[in-house]
Amino acid sequence: MKTIALIAAAALALPMAAMAQTSSTGTAAKPAANTTGKKVVQKVVPKRIIKRVEEAKPISEETDVTLSEQDLKVAETILTGTIKCELGASVNIEADPKKPGFFTLTHAGIKYRLHPVSSRTGAVRLEDPVREAMWLQLGNKSMLMSQKLGLRLADECQAAKQVEVAEDMKKNPPKSLFESGDAAPTAKTQ
């Protein structure tokens, strides 16, 4: 009786196993042909190795982006050099001498190829469409953001000029959006 039960279980399991090996296209997955007769071992490359290779790979200077005159004016306002950020991090921004308006930003060993993008808020914004990163430069600080991951990669970055603006904002804080500049005097009742 046990033998019949084992045969029945095997008969049911074989079609299920074949269906599990079928890919989403409906064709059965086939192993690679082994002509050497030796056991084939597939190696998995660790993510840290892939990351090192990507970091060492030079960034492409070729782009199909054409900058407008407005973009080139924005590019003139970009603060360059080594900029210190919070938690001891830093970024280095250099203008591309061959292509006006383009910049190379290096952070944590990764290079980004950035160009100006118009912003509705008036903030200075650079983007790298390949690595999906954005550099946002405000008057008092800058930040590097990963659009892909939705994270800030470097925050509270301040060049010397931005430090001056931040100190001035501490001494003379800007008006709140909820404060009106022309507040009407309150009427006194008797």
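Glu-127 counts as buried in this predicted model, at 15% relative accessibility, because the cut-off for a buried residue is under 20%. Its side chain meets that of Arg-125 in a salt bridge, with 2.4 Å from N to O. Arg-125, at 25% relative accessibility, counts as partly exposed. The pair is a handy place to start, since side chains of opposite charge can pair when their charged atoms come close.

In one of them, Glu-156 joins Lys-141, the closest N and O atoms being 3.3 Å apart. Glu-156 belongs to strand E8 (residues 151-157), while Lys-141 sits in the loop between strand E6 (133-137) and strand E7 (142-146), so this bridge ties together parts that are 15 residues apart in sequence. Glu-156 is partly exposed, with a relative accessible area of 34%, whereas Lys-141 counts as buried at 18%. Another salt bridge links the side chains of Arg-152 and Asp-155, at 2.9 Å from N to O. Here Arg-152 is partly exposed at 48% relative accessibility, and Asp-155 is buried, with a relative accessible area of 12%.

Eight strands form an open sheet in the order E1-E2-E3-E4-E5-E6-E7-E8, with antiparallel pairing. E1 and E8 stand at the edges and have a single partner strand each, so one side of each is left without a neighbour in the sheet. From one strand to the next, the twist averages 25 degrees. Within the sheet, E6 and E7 pair in the antiparallel sense over five bridges. Trp-135 stands opposite Leu-144 in E7.

Leaving aside its neighbours within four places in sequence, Glu-86 is in contact with Asp-155 and Glu-156. The C-alpha atoms of Glu-86 and Ala-154 are separated by 7.4 Å, although the two residues are 68 residues apart along the chain.

Next comes a residue of a helix. Gln-162 lies in helix H4 (residues 160-171) and is buried, with a relative accessible area of 1%. Its side chain reaches the backbone nitrogen of Ala-159 at 2.9 Å. Beyond four places in sequence, the residues in contact with Gln-162 are Leu-79, Gln-137, Leu-138, Gly-139, Asn-140, Lys-141, Ser-142 and Cys-157.

Finally, a word on confidence. The protein chain averages a pLDDT of 78, and 65% of the residues score at least 70. Over residues 18-25, pLDDT stays under 50, and the model has five contacts beyond four places in sequence for this stretch. Where pLDDT is low, the predicted coordinates should not be read in detail.

Technical notes
Residues numbered from 1 in each chain as written. Predicted model: local features only at pLDDT ≥ 70, side-chain atom pairs only at ≥ 80, totals over all residues. Heavy atoms only, no water. Helix = DSSP H or I, 4+ residues; strand = E, 2+ residues; numbered from the N terminus. Buried < 20%, exposed > 50% of the residue type's maximum accessible area, 1.4 Å probe, protein only. Polar contact = N/O pair within 3.5 Å; in protein donor to acceptor, adjacent residues only side chain to side chain. Contact = heavy atoms within 4.5 Å. Salt bridge = Lys/Arg side-chain N within 4 Å of Asp/Glu carboxyl O. pLDDT = per-residue confidence, 0-100. Pairing = 2+ DSSP bridges. Axes fitted to C-alpha atoms, helices over the stretch in contact; angles between N-to-C directions.
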